[in-house]
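Please look over the sequence and the model shown here before reading on.

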Amino acid sequence: MTDSADSPSFRLAYVPGVTPAKWARTWQERLPDVPLVLLQATSAEAPGMLREGTADAAFVRLPVDRTVFSAIPLYTETTVVVVPKDHLITAADEVTLDDLADEVVVHPLDDVLDWERLPGEPAFERPATTADAIELVAANIGVLVVPQSLARLHHRRDLTYRTLVDAPQSGVALAWPEDATTDLVEDFIGIVRGRTVNSTRGRDRQPSAEPKAERSRQKTGGAPRKAAPGGAGRGRTGGAKGGGAKGGGAKAGGRRGTGGKPRRRS
C-alpha cells in the first residue's frame, strides 16, 4: 500500500448529480488536519482524472474499467423523463418507453444512460450537454430522459418529470486507481461504507475503554475492594452469625409466634 504521508490533502472528484456533502462533513470531523479538496468533473472526465493522478478517488457513473480501477457500487438511480409542466405525460405518475413513441426525445452528447435503442423520435441535432438539452425541453422542442438526480440538478419552475419504469438506469460508485490504494483512500472508503471511527480499518481510532478495575482505582483512589470469602452472607447484617440464638433467631422465637397460647409457669 502506498504511504499516505506523501499526500498533504485528499482530492475527491465527483460527477454531476452526486452530492458528496455528507461524506465531506464526516471527513472533516475525523481528519481535520487533512484538507478534502472537491473537484467537479463530467462523467467523461472523471476516469481520466484518476488515471492522471489529478484525483485520488472519484464518485463516478458505472461502468468503469475494472482492469484499472477498483470500485464500490453505491446505488442505482431512478430514470425519469423531463417534460414541460403542461405536457400530457404529467397526467400519469409513471410512464413507459412506449408512451414516448410519438415524442421527440432530446439526446445530449453527455448522456449517461446505456441505451440499446433510443426511444421516441430523434431530435434534429444532439445538444452538447444535459444543461443544453434542458433548455430545449423548456422551449417545447422535445422531452429528455435522465437519471433523477440530473433532473433535480437542472430543476426549472416550468419543467417537471415523471418516473420512466422500463428505461436503463445509471449506477453510481466510488472508484480509485487499483495500484494507488493509499491510507487516505482507505479512510474515505471507511467513511462511505459507514464504518465508525473505532473500526479496525480506521486510522484514527479512539483509545479503547479502560478496564473496570482501573476505573475503580481512579474513582476511589486505591485498589478495588475484594469481596469477602463466602460472599455477602458473611456481612454484619443478615449473616449466619447475626441470625443465631443470641441474635433473636429461630431458637429464641420458637415458643412464641406458633399461633398457640403461652405456657403458664408452675
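The model is predicted.

**The histidine**

H87 is found in the loop that runs between strand 5 (79-84) and strand 6 (94-95). Is H87 buried or exposed? Its relative accessibility is 16%, and because the limit for burial is under 20%, H87 counts as buried.

| Side chain | Partner | Distance |
|---|---|---|
| H87 | side chain of E103 | 3.2 Å |

When residues up to four places away in sequence are left out, H87 touches E103 and V143.

Helix 1 spans residues 21-30 and helix 5 spans residues 183-192; their axes come within 10 Å and cross at roughly 125 degrees. Because of this angle, helix 1 is oblique to helix 5. The crossing of the two helices is right-handed.

Which residues of helix 1 and helix 5 make the contact? Helix 1 contributes W23, T26, W27 and R30, while L184, D187, F188, I191 and V192 come from helix 5. Sorted by class, the contact between helix 1 and helix 5 consists of six nonpolar residues, one polar residue and two charged residues.

Definitions and conventions. Residues numbered from 1 in each chain as written. Predicted model: local features only at pLDDT ≥ 70, side-chain atom pairs only at ≥ 80, totals over all residues. Heavy atoms only, no water. Helix = DSSP H or I, 4+ residues; strand = E, 2+ residues; numbered from the N terminus. Buried < 20%, exposed > 50% of the residue type's maximum accessible area, 1.4 Å probe, protein only. Polar contact = N/O pair within 3.5 Å; in protein donor to acceptor, adjacent residues only side chain to side chain. Contact = heavy atoms within 4.5 Å. Axes fitted to C-alpha atoms, helices over the stretch in contact; angles between N-to-C directions. Parallel < 35°, antiparallel > 145°, perpendicular 65-115°, else oblique. Left-handed = near helix turned anticlockwise from the far one by under 90°. Nonpolar A, V, L, I, M, F, W, Y, C, P; charged D, E, K, R; others polar.
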